[in-house]
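This report describes the architecture of one protein model. The sequence and coordinates are displayed first, and the analysis follows.

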Amino acid sequence: MLKKTLQGFAAALALLIALAYSFGYDYLFKGIRETYLRGETGSSIEDGNYFPSHLIAKGQPIPWQKDSLYNKKTLPNDLVDALNKSKTVSFLVIKNGKLLHEEYWDHHNQNSKTNSFSMAKAVNVMLLGKAIEEEKIKGLDQKYSDFFENYKNVEFGKDLTIGDLAKMEAGLDWTENYKNPFLPNAKAYYGKSLAEAVFLRGFKEKPGTKFEYQSGASQLLGFAIRKAIGKSIAEYTSEKLWKPLGMEQNADWTVDENGMEKTFCCIQSNSRDFAKLGQLFLDGGKVGNLQIMNPAFLEEMKTPTKLSNGVYGMGLWINVDAPIKHYYFRGLYGQYIIIIPEKQMVLVRTGTYKVEQQDEKGRPQLVRFMVDEVVKNF
C-alpha cells in the first residue's frame with residue numbers, strides 16, 4: 001500500500017513539474033527554493049547572494065565627512081518606536097553634505113549590503129539621463145521601436161516612447177503584484193529570462209495616457225539603455241555613478257541567466273553609498289566641481305507628472321502636498337532614499353516593512369513621518 005502511495009505521489013509530482021514547465025511557471029521552483037526552503041515567506045533584503053550578479057565597481061572611495069554633532073543626539077522615542085515596528089535595519093541622516101546620524105539594527109552595520117528593490121528604478125532613469133546626455137539615446141520622445149523594431153508591429157507598441165517607460169505611462173498588460181506567484185513580478189524576479197518575462201507582455205491601453213506603476217516598464221527601459229550603450233548596465237553604472245561619486249564599496253546588480261540586469265530592482269549596496277545617490281540631487285548633479293549629471297534632467301526626474309496625480313516623476317516618488325516637501329527613491333519593504341531640499345537633508349532607511357501603510361495617493365506614511373520627526377529634531 002505504501003509503495004503504491006509513493007508511486008502515485010511521484011507520478012503526481014512529475015505531472016506537476018511537467019505542467020509547470022509547459023505553461024512557463026518553472027521559475028516557481030527557484031522561488032520556493034530561495035524563500036520557503038530558507039525560512040522566508042517571500043523575497044528578502046539579503047537574498048542577493050542567491051542570484052547571479054554583475055559587479056558595480058567603485059573607484060577611489062570618498063568617505064562621508066562626519067558632522068561635529070555626529071551621533072551625539074539620540075533619535076526621538078516616537079521615531080525609534082516606528083523604526084522598530086517597521087523592522088528597520090539602518091537609518092541615516094545626512095545634513096548639509098555631512099553624516100549627522102547613523103544607526104543599525106539586527107546584526108547590520110555600515111558595510112552591510114542589502115537589496116535596493118525598486119530604488120533601482122530611479123538609478124535606471126539616472127542612467128537614461130546619462131545616455132541622453134551622451135547622445136546614445138535621442139531623448140524621452142524617442143520611440144521604443146527604434147531599439148526593438150518588432151514593436152512597430154505590436155498594437156500600441158508603435159506608440160511607446162522612452163519617456164512613457166520612465167514616467168510609468170507604458171500601458172503594459174502588467175499587474176504589479178508582489179504576492180501572487182503567477183503574476184509577472186514573480187517571473188521577472190525568479191525566472192531565467194527577463195526578455196521572456198517582459199517582451200512577451202502586450203499592451204492594455206495606449207502608452208502616454210495613464211499612470212500605472214509597472215516593473216515591466218523599468219525592465220523594458222533597461223533593455224533599451226543596454227542596447228544604446230553597448231555594455232552592461234552594471235559597468236555603465238560604475239563609470240557614470242559609482243566611481244565619480246566615490247562610493248565606499250563595490251555593489252552588485254542582480255542579473256538573469258542571460259546576464260541582463262534586473263533594472264526594475266535589485267542593487268545590493270550599503271546605506272552610506274545609497275545616501276550619496278540622494279546627495280547628488282541636492283548638489284545639482286555635482287560631486288565637488290565635477291558635473292556628473294545634467295541638472296535639468298535631475299529636475300525633470302523630481303517633477304511630478306500630471307497623470308500620476310502629482311506623486312511620481314521619473315523613477316522618483318514625490319510629496320509636494322506635505323508642509324515639508326520631499327521626494328524619494330522607494331523600494332519594496334520600505335527601502336527609501338529621501339531628499340528634503342529646503343533642509344539640505346538626505347535620509348536613508350532600509351529594512352523589512354511588510355505592512356506599509358499608505359496615504360490616499362498611495363505614498364508610504366512612514367516616509368512623511370520620518371521627514372517630520374527628523375526635521376523637528378535635527
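Which strands does α10 lie across? Helix α10 lies across β2 (88-95), β3, β10, β11 and β12 (345-351), and runs at about 145 degrees to β12. Such angles are taken between N-to-C directions on a scale from 0 to 180 degrees, with axes fitted as lines to C-alpha atoms, for helices over the stretch in contact.

## Basis and overall composition

This is a predicted model, in which local features need pLDDT of at least 70 and side-chain atom pairs count only at pLDDT 80 or more, while totals for chains, interfaces and linings use all residues. Residues are numbered from 1 along each chain as its sequence is written, and side-chain values use heavy atoms, with hydrogens and water left out.

The protein has twelve helices and twelve strands; these are DSSP runs numbered from the N terminus, helices being H or I of at least four residues and strands E of at least two. Of the 378 residues in the protein, 55% are buried, where buried means under 20% relative accessible area (1.4 Å probe, protein chains only). Among contacts (heavy atoms within 4.5 Å) between residues at least 6 apart in sequence, 69% join residues at least 24 apart.

## The six-strand sheet

An open sheet is formed by six strands in the order β3-β2-β12-β11-β10-β9, with antiparallel pairing; two strands pair if DSSP finds at least two bridges between them. The edge strands β3 (98-104) and β9 (317-319) each pair on one side only. Neighbouring strands of this sheet are turned by 15 degrees against each other on average, direction ignored.

Strand β9 is joined to β10 (residues 326-331) by three bridges, and Asn-319 stands opposite His-326 in β10. Helix α4 packs on this sheet by touching β10 and β11 (335-340), and its direction makes about 110 degrees with that of β10.

Five bridges join β11 to β10 in an antiparallel arrangement, with Phe-329 opposite Ile-337. These two strands form a hairpin with three residues between them, and Tyr-333 in the turn has a positive phi of about 65 degrees. Five bridges also join β11 to β12, where Ile-339 stands opposite Val-346. The hairpin of β11 and β12 has four residues between the strands, and Gln-344 takes a positive phi near 50 degrees.

The largest nonpolar core has 110 residues. A core of this kind is a set of buried Ala, Val, Leu, Ile, Met, Phe, Trp, Tyr and Cys residues joined through side-chain atoms within 4.5 Å. Helix α4 gives the most to this core, with nine residues. Tyr-144, Leu-277, Met-301 and Phe-329 have the most contacts inside the core. Apart from its neighbours within four places in sequence, Met-301 is in contact with Ala-122, Val-125, Met-126, Phe-281, Gly-313, Met-314, Leu-316 and Ile-318.

Helices α4 and α10 pack at an angle of about 50 degrees, with their axes 12 Å apart. The two helices are therefore oblique to each other; angles under 35 degrees count as roughly parallel, over 145 as roughly antiparallel, 65 to 115 as roughly perpendicular and the rest as oblique. Met-119, Val-123 and Met-126 of α4 make the contact with Phe-274, Leu-277, Leu-280 and Phe-281 of α10.

Two bridges join β5 to β6, and Trp-253 stands opposite Ile-267 in β6.

Helix α9 (residues 233-242) is mostly covered, eight of its ten residues being buried. Among them are Ile-233, Tyr-236, Leu-241 and Trp-242. The cover over the buried residues of α9 includes β1 (53-56), α4 (119-133), α8 (215-229), β5 (251-254), β6 (267-269) and α10 (271-282).

How values were computed: Buried < 20%, exposed > 50% of the residue type's maximum accessible area, 1.4 Å probe, protein only.
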